[in-house]
Amino acid sequence: MTRPDTVWVLGDQLNRGIASLEHAEPGVTRILMVESAAKLASKRFHRQRLHLVVTAMRRFADELRNAGFEVDYRRADSLAVGLAAHRREHAPERVRLMEPMSWSMLHAARGLDVELIRSNQFLCHYEDFAEWAQGRNRLVMEDFYRWQRRRLGYLMDGDEPAGGTWNYDAANREPPPAGGIDRPPRPTTRRDDLDEEVLAALPDSSFGAEPDGTWATSRRAALARLRFFIDELLPGFGPYQDAILVDDWAMGHSLLSPYLNLGLLTPDEVCDAAEEAYRDGRAPIESVEGFIRQIIGWREYVWGLYWLEMPDYARRNALGADRPLPPLFTTGATGMRCVADALASVEAHGYAHHIQRLMVFGNLALLAGVVPQDVVEWMWASFVDGAEWVMVPNVLGMALYADGGLMATKPYAAGGNYLNKMSDACGGCRFDPKRRTGDDACPFTTLYWDFLDRNQDALAGNHRLARQLAAARRLGNLDEVRRRADEVLDLLDAGRL
Ligand SMILES: Cc1cc2nc3c(=O)[nH]c(=O)nc-3n(C[C@H](O)[C@H](O)[C@H](O)COP(=O)(O)OP(=O)(O)OC[C@H]3O[C@@H](n4cnc5c(N)ncnc54)[C@H](O)[C@@H]3O)c2cc1C
């Protein structure tokens, strides 16, 4: 009699449609899942992230058991220890594993004598991305996105883009409306015995508020979150995508990234639902195009870039930034209202929306010259949707320009005026976004000019920044700006800003 095969399912492969389960049959295939203590304790993770991953894994194991599979769910010191124990107990003929999401895990898996199955978790496999990238001078996201649109057929009317335009980004950068935006309350899930069991066993090192039901931990609940987004938020998703309101932690964002990243939702079903809403006249093209671009454009682009550039990508530091992560990132204590507000959202939900990640946290770290790898570590541990493949290009590449312009054509550096335009945080802040010098000058404004001054040589060849670099050279009070910047950086290092 032949011994059953094992399919090993990782914690971010939680979907019946994954390629390794394609030919799996109850009674013939045994499933292995390993909860690794080493992974859970490898960083100071947010409690809600750990809770989400572990609970979702256990619920997926139950889903497979209910479908008739035998599931060997192990808690082990590490993934390799769990696999070895499984092999000793069940002696499978072979162990099949779908390609892991991270570079290091893929390389580790190659040494574990497992049969690797090509991943189907993205619409563009990284080998296909590499083929697309071959021979191009620049890997421009918009080019990739249009290639994906044509290839996948999303929002296409024959050979033409639906609505006549490829990209509605210009319509999606409205400043926040005075008085906020009315939206229906988000769905939440009540905690059950499994949630409590998982929470009680989380490592002591974890931080952050207890889960309040915001994050779904099963596919069924994730599908309900998708439905809510499509019906209630997608129609208004477009215009305020880049805006920040201090009393609105999620704005109109979908909050779907953790489900996509863990496999609870798939990118095609999410895009199908959005396109259907457009075709049925339930959501305008500006919003639907903007949303689908995030998924088949940005998300798949950073995935492809990660694989193309690893392992070197994770080590890059093009601007030679050498400041350790300032204490405010872990204490949450700062007088800068936009930063304090975004940190409060991370504490409460393990989440900050895109523009807070990029223009508040990323911008502050860029302007202050924080070591890119420190920022990656902090975000990876702090966000519910963190993972290496998505953090490295977004943090190192997009936010910190540490890849020297591979991903972003110029650094996303901005002073207080930008934040004042795109958020309502400056109103109640003790700092003045218009001032460059003096005790009440907005640190973003001071550091913005100081950043341009400090990086004149490093950024000299960047034509998109030429005007700003020239403006910095012409500043009448440059010495005063430099002096204030030194004070600001000292206060930042001391946790007193
Ligand atoms: C500095 C920085 C750090 C980030 N860290 C993460 C992270 O840890 N995990 C993560 O999934 N995304 C990350 N992103 C990308 C993006 O900010 C998040 O995907 C998004 O904020 C998640 O919230 P949402 O689901 O409400 O997004 P929405 O605004 O509703 O967007 C819809 C979906 O588009 C996808 N998406 C949009 N932009 C990107 C992008 N640049 N990269 C990848 N996917 C994208 C996500 O899947 C998201 O769910 C980061 C971006 C920056 C600039």
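User: In this predicted model, which residues are linked with Asp5 in a network of salt bridges?
Analyst: The model is a prediction, and the contact that matters here is a side-chain nitrogen of Lys or Arg within 4 Å of a carboxyl oxygen of Asp or Glu. Contacts of this kind join Asp5 to a network of salt bridges.

User: How many salt bridges does a search of the whole structure find?
Analyst: The search covers the whole structure and applies a cut-off of 4 Å between nitrogen and oxygen. The number of salt bridges found is 37.

User: How many residues apart in sequence are the parts that Glu197 and Arg58 tie together?
Analyst: Glu197 and Arg58 form a salt bridge, with 3.1 Å between the closest N and O atoms. Glu197 belongs to helix α7 (residues 193–200) and Arg58 to helix α2, so the pair ties together parts of the chain whose separation in sequence is 139 residues.

User: Is Arg58 buried or exposed?
Analyst: The limit for a buried residue is under 20% relative accessible area. Glu197, the salt-bridge partner of Arg58, is partly exposed at 45% relative accessibility. Arg58 has a relative accessibility of 11%, and therefore counts as buried.

User: Where does Arg323, the partner of Asp493, lie?
Analyst: The salt bridge between Asp493 and Arg323 has its closest N and O atoms 2.5 Å apart. Asp493 is partly exposed, at a relative accessible area of 35%, whereas Arg323 is buried, at 16%. The pair links distant parts of the chain, 170 residues apart: Asp493 is in helix α20 (residues 478–494), and Arg323 is in the loop between α11 (285–309) and α12 (328–331).

User: Which residue of the salt bridge between Arg484 and Asp439 counts as exposed?
Analyst: The closest N and O atoms of this pair are 3.8 Å apart. Arg484 lies in helix α20 and Asp439 in the loop between α17 (416–422) and α18 (443–454), so parts 45 residues apart in sequence are tied together. Arg484 has a relative accessibility of 6% and counts as buried. At 61%, the residue that counts as exposed is Asp439.

User: How many disulfides are counted?
Analyst: The count requires a pair of cysteine sulfur atoms within 2.5 Å. For Cys271, which is buried at a relative accessible area of 0%, the nearest cysteine sulfur is that of Cys124, 13 Å away. For Cys426, also buried at 15%, the nearest is that of Cys442, 6.2 Å away. The count of disulfides is zero.

User: Which helix supplies the largest share of the lining of the second largest pocket?
Analyst: The second largest pocket holds about 710 Å³ of space. At least two lining residues come from each of β2 (29–36), α1 (37–40), α2 (47–66), α4 (103–110), α9 (257–262) and α16 (388–399). The largest share is five residues, and the helix that supplies these is α2.

User: Which residues that line the second largest pocket are the closest to its centre?
Analyst: The lining of this pocket consists of 32 residues. By class, 18 of these are nonpolar, seven are polar and seven are charged. The closest to the centre are Asp12, Lys39, Arg49, Val53 and Trp380.

Technical notes. Residues numbered from 1 in each chain as written. Predicted model: local features only at pLDDT ≥ 70, side-chain atom pairs only at ≥ 80, totals over all residues. Heavy atoms only, no water. Buried < 20%, exposed > 50% of the residue type's maximum accessible area, 1.4 Å probe, protein only. 1 Å grid on protein atoms, 1.4 Å probe; cavity = no way out; pocket = protein on both sides within 12 Å on 5 of 7 lines; lining within 4 Å. Points joined across faces, edges and corners; volume = space filled by probe spheres on them. Helix = DSSP H or I, 4+ residues; strand = E, 2+ residues; numbered from the N terminus. Nonpolar A, V, L, I, M, F, W, Y, C, P; charged D, E, K, R; others polar.
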